[in-house]
Amino acid sequence: MELQFKLKAYFKTGADPAPAKEAVTALFEEANNTLLTRGAPEGQGAKITEWKLGEDRIELVLESGRYVRVHDAVLRLKKVLVEALGKRYRIGIRGIEVESFIIQVPAERELRMLKVPYIKSMENIEGGIVLELEVGEAEMKNRVPDRILTLLEEKIDAARYGAKAEHWNLIWQREPMEHPFKEDPTQAMMKEGWLKRGASRGQWIHGPQSTKVFRTFEKIVFEELLEPLGYREMIFPKLVPWEVWMKSGHAKGVYPEIYYVCPPKTRDPEYWEDVADYYKVTHEVPTKLIKDKIGEPIGGMCYAQCPPFWMYVTGETLPNDGIPVKVFDRSGTSHRYESGGIHGIERVDEFHRIEIVWIGTKEEVIKCAEELHERYMHIFNEILDIEWRKAKVTPWFMAQEGLLGLAEGNVVGTTDYEACLPYRGENGEWLEFQNVSINGDKYPKGFNVKLQSGEELWSGCSGVGLERWAAVFLAQKGLDPESWPEEFRKRVGELPEGIRFL
């Protein structure tokens with residue numbers, strides 16, 4: 001099945017168009033050969049397949065493929081009709097009325113009904129999907145059909161992506177190691193009093209011991225990677241407005257995973273008095289009452305740590321001698337509403353991370369990524385001494401924008417670092433605990449950042465998740481410092497005493 005459009009519509013006229021029948025006939029015949037083929041390969045333009053005159057209208061049926069789509073074609077026709085009928089026949093075109101708008105889209109798999117405006121019906125048929133849109137002239141001018149089609153094609157690609165294995169490709173693996181420790185590190189840490197569950201979903205309170213381990217990881221990253229490579233520390237916001245996610249591309253699909261932020265409608269104490277009084281009487285927080293007193297979400301808590309940084313450079317031009325820009329942030333928590341799989345410290349809703357960001361020319365961005373790979377290998381092999389591997393992956397948030405694939409030579413994409421968890425057994429799933437991403441021109445374009453020379457800017461990012469590092473290190477090495485690698489013990493020193501309870 002090929003992509004096909006079919007539009008049944010009419011031009012609303014200010015008078016009976018019958019006197020202009022010959023002119024309309026000539027215009028439509030000419031349009032099928034010229035106006036409606038402009039910009040399309042030969043034989044692939046739009047075509048008027050039927051038309052007739054009514055007392056106050058010119059009815060027609062337009063069909064097309066991917067090129068010169070029917071909603072573009074009908075707007076082109078309106079423009080020439082206005083000129084042709086107005087001058088000679090004094091017949092005005094008052095607008096376009098749509099009777100039906102059908103799109104047939106090729107698809108290998110069935111999809112659920114899209115719950116978006118302007119879709120009247122959606123049907124899965126053999127080899128594809130049939131959409132019926134409920135749009136008018138304004139929506140066609142605003143390219144709503146194109147955006148709906150793009151959305152549908154993204155979902156078709158997503159279904160295809162989820163069914164394929166090409167989004168993961170092993171590129172390096174360390175030799176197998178012996179792992180005497182076989183316990184779940186989270187359970188072991190709880191048993192030893194290193195941490196306790198927080199009051200919120202997917203949240204932990206770290207005691208002095210695990211906090212010292214986290215701070216040691218930070219120290220290692222700073223001394224062995226950030227400082228030698230010349231990264232400067234910044235503080236990125238942790239409340240992210242919609243404007244940022246729209247520019248970064250996350251607004252296309254971040255909704256199921258973010259914690260939303262809604263401001264109060266007013267700070268007036270009198271407005272909130274009934275909420276406070278309710279609690280004083282019942283000792284229950286009236287969340288339904290609060291819901292009516294807060295505004296719409298202005299955004300959410302930090303989900304992916306680097307997008308808020310880009311507002312610092314948005315609309316700016318970087319000098320040639322000012323790149324690569326290399327910065328990092330470690331100023332606060334990130335929040336992600338995890339689905340069902342919350343387990344221990346490796347999958348949480350609130351986590352701690354060092355986010356590393358760099359901007360430069362394509363060559364500079366690739367070089368920065370290579371430097372990070374070298375330093376991470378040094379840390380994981382010679383300091384943490386863990387069993388790990390790395391793989392080139394195709395993250396969906398970039399694949400949906402056609403930014404990358406795993407084809408040889410394609411440098412845009414993400415390299416995931418994964419480690420075995422001995423307590424899961426020999427065939428257990430490995431845990432992704434580190435990544436390095438080359439994002440191409442995605443963010444510089446999205447935030448309108450330019451280079452003085454006019455050369456294209458690229459960027460990259462790498463997130464150091466402290467919970468993930470701890471989950472991997474402690475799963476392989478255990479909680480006894482005597483079993484830890486000497487290089488790590490040198491840096492961690494003596495563990496502090498935990499808090500005791502009666």
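The paragraphs below treat a helix and then the salt bridges.

This is a predicted model, in which local features need pLDDT of at least 70 and side-chain atom pairs count only at pLDDT 80 or more, while totals for chains, interfaces and linings use all residues. Residues are numbered from 1 along each chain as its sequence is written, and side-chain values use heavy atoms, with hydrogens and water left out.

Helix α2 (residues 70-89) has 20 residues and spans 26 Å from its first C-alpha to its last, close to the 28 Å expected at 1.5 Å a residue, the expected span being 1.5 Å times one less than the number of residues. Helices are DSSP runs of H or I with at least four residues, and strands are runs of E with at least two, numbered from the N terminus. Among the buried residues of α2 are Val70, Leu77, Leu81 and Leu85, where buried means under 20% relative accessible area, exposed over 50%, and partly exposed in between (1.4 Å probe, protein chains only). Just after α2, Arg90 adopts a positive phi of about 55°.

The structure holds 34 salt bridges, each defined as a side-chain nitrogen of Lys or Arg within 4 Å of a carboxyl oxygen of Asp or Glu. In one of them Arg215 pairs with Glu218, the closest N and O atoms being 3.0 Å apart; the two are three residues apart in helix α6 (residues 208-229) and therefore separated by about one helical turn. Arg215 is partly exposed at 48% relative accessibility, whereas Glu218 is buried at 11%.

Glu233 forms a salt bridge with Arg330, with the closest N and O atoms 2.9 Å apart. Because Glu233 lies in strand β10 (residues 232-234) and Arg330 in the loop between β15 (325-329) and β16 (333-335), this pair ties together parts that are 97 residues apart in sequence.
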